[in-house]
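Please look over the sequence and the 3D structure shown here.

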Amino acid sequence: ARSLLSPFSEGPQTLALPRIAARRSRVLAFDGNGVPTAGPPSDALFAAIGALAPTALPGLNVVMTYAGMTALPKAGLADGTSVMCAGGAARGDGLGGMFYWDSTSVLAVDGINVLAADAGGSGRWRRSLLLPAPTVPSFTVTGGFFAQSGAIGSDLAVGGTLAVSAALSSASLSCTGLGAFGSLGVLGAAAVGGLTVTNSTAIGGTLTVTGAAATGRLTVTGGAHTVALASADSAAVVTLNCALSNVFRVRMAGDVGTLTLSNPGDGQTINVRFTQDATGGRGITWPASFKWLSGQPQALSTAAGKVDMLVATWFADSATWLVSLSKDFR
């Protein structure tokens with residue numbers, strides 16, 4: 001049983017230890033009634049233990065944080081040397097524990113159970129009793145969210161999905177530092193769902209900004225850069241995937257009988273640069289969904305090396321592209 005036995009002179013009684021969560025990285029003590037309890041160790045206690053000679057506590061070192069442990073010189077560490085950490089980033093933060101030195105290990109460092117020495121190279125500090133690694137599957141805020149630098153921090157990293165929604169007034173997400181997201185959705189059901197970016201935000205998945213009643217807006221202070229996608233040299237059939245970019249390049253190396261603009265979003269505008277090859281004279285058949293000014297389709301410039309720019313906006317309600325062609329850029 002996980003308990004302590006009191007002296008027989010005090011009568012028969014069993015004193016239970018605090019649960020693991022309550023005693024992890026804590027010192028066992030007794031309250032005013034003599035009942036076992038656990039509390040954070042004092043700096044004075046750690047200083048006293050750390051000052052003991054190795055012969056008094058052979059193989060045991062005491063440090064306050066991970067930084068104190070990883071700073072220990074590798075040259076003076078025997079394989080299997082044990083270290084007791086009072087905490088991770090700070091004493092008593094719940095991330096402390098017992099570690100041992102594995103001089104040949106090259107395990108991936110996770111910052112909790114496996115840590116590398118500051119000197120780098122092989123060798124790892126490994127936790128004797130593993131802690132579960134923290135995960136962030138998703139982060140949902142209903143109402144408003146405010147991250148203040150110095151409190152929560154100006155950097156918000158979400159590996160899964162970050163959703164911000166409001167049912168009554170407004171929900172806005174302001175990213176003034178560096179934000180990294182899998183997918184990011186900002187929803188405002190009544191008034192405004194807004195995303196404001198003033199520095200760098202990396203979104204590996206999908207960015208969705210929706211406002212059901214008034215506006216759902218994306219505001220970028222600085223610059224917004226769309227990467228131009230190059231298609232292969234033109235063939236009889238050319239397909240441009242509008243879900244991948246708004247800017248495309250097409251080198252006219254032959255006549256194009258079918259041009260397909262796939263996966264457009266309602267209101268999306270794309271730009272396509274057509275460049276004649278060294279031979280020139282290449283033509284293209286425009287899709288029936290293209291609608292031109294005054295109903296007059298334009299033909300590409302045909303001279304070798306000529307450059308034309310097509311600008312087209314998709315309207316889903318009529319399933320048409322409103323297009324214009326600017327010719328002979330030089």
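Among contacts in the protein (heavy atoms within 4.5 Å) between residues at least 6 apart in sequence, 36% join residues at least 24 apart. The model is predicted: local features need pLDDT of at least 70, side-chain atom pairs count only at pLDDT 80 or more, and totals for chains, interfaces and linings use all residues. Residues are numbered from 1 along each chain as its sequence is written, and side-chain values use heavy atoms, with hydrogens and water left out.

The protein has 3 helices and 25 strands. These elements are DSSP runs numbered from the N terminus, helices being H or I with at least four residues and strands E with at least two. Of the 330 residues, 29% count as buried, where buried means under 20% relative accessible area, exposed over 50%, and partly exposed in between, with a 1.4 Å probe and protein chains only. The accessible surface comes to about 18,700 Å², and 58% of this belongs to carbon and sulfur atoms. Such areas come from the Shrake-Rupley method with a 1.4 Å probe; for residues, only the protein chains shown count as cover.

Apart from neighbours within four places in sequence, its contacts are Cys85, Gly87, Gly88, Ala89, Ala90 and Arg91.

One of these contacts, Cys85, belongs to strand 6 (residues 82–85). In a regular strand the side chains alternate between the two faces of the sheet. Because its relative accessibility is 3%, cysteine 85 counts as buried.

Threonine 70 lies in helix 3. Its relative accessibility is 9%, so threonine 70 is buried. The side chain of threonine 70 reaches the backbone oxygen of alanine 67 at 3.4 Å. Leaving aside neighbours within four places in sequence, threonine 70 is in contact with Leu115, Ala116, Ala117, Asp118 and Trp125. Threonine 70 and leucine 115 are 45 residues apart along the chain, and their C-alpha atoms are separated by 7.2 Å.

Notes. Polar contact = N/O pair within 3.5 Å; in protein donor to acceptor, adjacent residues only side chain to side chain.
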